[in-house]
Amino acid sequence: MESDRIRTAFLDFFREKSHRIVPSSSLIPDDPTLLLTAAGMVQFKPYFLGQKKPEFPRAASVQKCARTTDIEVVGLTARHLSFFEMLGNFSFGDYYKKEACAWAWELATGAYGLEPELLWVTVFETDDEAFEVWRDHVGVPANKIVRRGAEDNFWTMGVAGPCGPCSEMFYDRGPKYGDVDGFQDGDRIVEFWNLVFMQNLQDDDGTIVGELPNKNIDTGSGFERVAMILQKKDSIWDTDVLRGLIAKAESLTGRRYGEDETTDVSLRVMADHARFASFLIGDGVFPSNEERGYVLRRIIRRAVRHARMLGTEKPVMETMSSAVIEMMGGAYPDLVGGRSFIAQTIVQEEESFTRTLRQGLTLLEGEMKTAKKAISGDVAFKLHDTYGFPIDLTVEIAREAGLEIERAAFERLMDEQRERARSGRAKHTETAASEALKDIAASHGATKFVGYERDRADASVLALVRGGAPVDAVAEGDEVEIVLDASPFYPEGGGQIGDSGTIAAGEALLEITDTQKGIGDLIVHRGRVARGELRVGEDAAAAVDIERRVAVMRSHSATHVLHWALRNRLGPHARQAGSLVAPGRLRFDFPHTASVPRDVLQEVEKEVNDLLLGDGSVRAYETTMEYAKNIGAMALFGEKYGAIVRVVEIGDYSVELCGGTHVAHTAQVGPLTILGEASIGANLRRIEALTGTEALAGFRKDRAVLEHIAMLLHATPDEAPDKVQKMLDDLKAAQQTLEKSKQQGLRSQATEIVQKAERIGDASLVVTEVTGLRVDELQKLAVSAREALQDAGVVVLVSASDGRAGIVAAVTRDLAARGISAKALIAQAARAIGGGAGGKDDVATGGGGKPEGVQEAARLAADEARRALGA
């Protein structure tokens, strides 16, 4: 059974069992506690925690997942992968053990075609209910049901919350994979499905404190493991997708899978990491030295190193990535849509690492030859900071040589670097009400947002939070977070900042300064009590600052038009990778490998304004995710979408999934003016722009500046550029004339200086003080004087200027070749003026803050020069 058929069989089976088929969520989870999505249940976590009411009672998915804890062993074993797929079915308070077990058995022995007599199941040691379901309801012989302890068959999230026993299904692959006496979890009898029964609640200490009111089902079946069983392969690496990628790696490197273990490891690494990298980039991750970007950089560079170990110097990752898209694009269409950007990103990262790989390996290999037990932290840091070696790659290479890394020293250097980078950087913080509002989210559900239809609404006060703790009432002067049952206030999201305004209840008035999404899609209003007292349960009137809201709407619609124009001019890879939508201004981040030329930026700005003036209609509506995809609606990186989505169409060109607020027609935006474009990271650019009245204010300011410049030039604004250009040309000519004059004066002064030379053997020595020159001016004079000498010689000049002192030595090249170093001549003399010396053998300079020491410096330099010349 090929991989595509396995996915289809699984989803079709559960579709027939009335499950909602939910698309895989992004590898970037909508959960700040997780780095990457590692299980199928992650996107349903709010349902399991009771933070959000489920949109459907049962679901099934094929989820793309990632595991980063053991990347260094990927390729070394038959079971470890950094990227994998998880087949799962889920029940949110609907069916339970009886159905879950029966359906798992039905699919395994039906559509999968597995022999019942070769299946084993395990249950938690005290879960008699599950044992009886398997034995009496499903019909599994009692001797094929194994009780196991909590380490194997009890599931927890690792924190306080839902937990429960689990039951696993195993398949016996036969004596080819070893002799066993009964049940034995290993290479022969392999687990392929885990059924978690969420029925208990545990506290922070892991103590079971009760049962859940609604019992849930969370199952996970490792796709690659299932494929290995159904395709009757020895390991996951021999299954169709992974073996196909290994074959591509073979063709690129000229090596054969199976020729030796070292080759096999490298080919597996290339296959696995190409898959992981392609999906990460497709989900909007960029290579960097932080968090997810670091993971991406690490796997790309590890794969490139293994390709080089196999003897190829050619680029490999773009071709490997293309093979991933060909093999998996049918199941994951987003890969196909992001093909050009994935290729562009992966190529640039491989090229960047290739430039420094050889130098870094030379440094590391040299260190490994002399190291006794460990590579120094300084070297590891230099490899990371200068040559782009992820620390884990350095650790892996050192381990291959039997060495460790001085990790503590490396981390200290990294902490120092992070502290420097962190200076002045603002940090995003979660709402203080998160914990306090759990009960409200569970009992009431999401706040009803009515802000699309109106800017005012009557509501009831559900909760008040002060200082992070729930309170029954708040009074004048209190800083507070307030939750209503319904709100017209838009909570920050999708780049759009939260609304501000007022909430009134009787004599009480709250001035709202910000609005955020809280736990369970509650809308949390942040502000200050301006007067009176407000209590939970009171009726209130919420009013959005409409002038500010309209300014935000202009910016949001302008952002969509700018997005379209950038993709139209730069290519489909220029997708939104971050944004800020604020009153009268916007910030738009997008992937691109180079700065956008000024003329292209001007073309983009013109195109945006032409479209805005075209007064296209802006239409927002809700529809199914499936329909939105069919009409080409663009989903944004890092955003999480449900089965029902909101689409915003502008004119006949822009179609995006968006929950923000917008104008009704593009002409209502007014003008857009681009302030500038700059890099904010590797392969990531940022455009900042003004919109509406702010853009008009910017035009007026620019006009006022131009008119003032024109007045100073006694010209009209139209004439000002030519007049400024003429002034610049005249200034340049004057500077050139002045420079010529300076050079003539310098040569004349140098000629005078060399007249004072003393003869020492076959060389000349000039040591003198010059008044009022900076070190750079002194250097030019010293070099000019050296050139004025007729033969071999040394020139040493000292000077004091503006409270500073300087010294310069210039040595003719023949003397430098004989070992007379300019730097050595003035090393001690420079200390007399409070500084040190630096430079090369033929020219060296020094400076310090002791101008009173120039005469002593001249004497010391003269003595050293005479000694060097043999006097």
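Which strands does helix 17 (residues 546-570) lie across? Helix 17 lies across strand 23, strand 24, strand 28 and strand 29 (684-691), running at about 30 degrees to strand 24. Contact means heavy atoms within 4.5 Å; axes are lines fitted to C-alpha atoms, for helices over the stretch in contact, and angles run from 0 to 180 degrees between N-to-C directions.

This is a predicted model, in which local features need pLDDT of at least 70 and side-chain atom pairs count only at pLDDT 80 or more, while totals for chains, interfaces and linings use all residues. Residues are numbered from 1 along each chain as its sequence is written, and side-chain values use heavy atoms, with hydrogens and water left out.

The open sheet consists of 4 strands in the order 23-24-29-28, with antiparallel pairing. Its edge strands, each pairing on one side only, are strand 23 and strand 28. The twist averages 15 degrees from one strand to the next. Strands are DSSP runs (E, at least two residues), as are helices (H or I, at least four), numbered from the N terminus; two strands pair if DSSP finds at least two bridges between them. Strand 23 is joined to strand 24 by 5 bridges, and A582 stands opposite R585 in strand 24.

| Helix | Reference strand | Angle |
|---|---|---|
| Helix 17 (546-570) | Strand 24 | about 30 degrees |
| Helix 18 (598-613) | Strand 28 | about 135 degrees |

Helix 18 lies across strand 28 and strand 29.

Elsewhere, V724 is found in helix 21. V724 counts as partly exposed because its relative accessibility is 31%, where buried means under 20%, exposed over 50% and partly exposed in between (1.4 Å probe, protein chains only).
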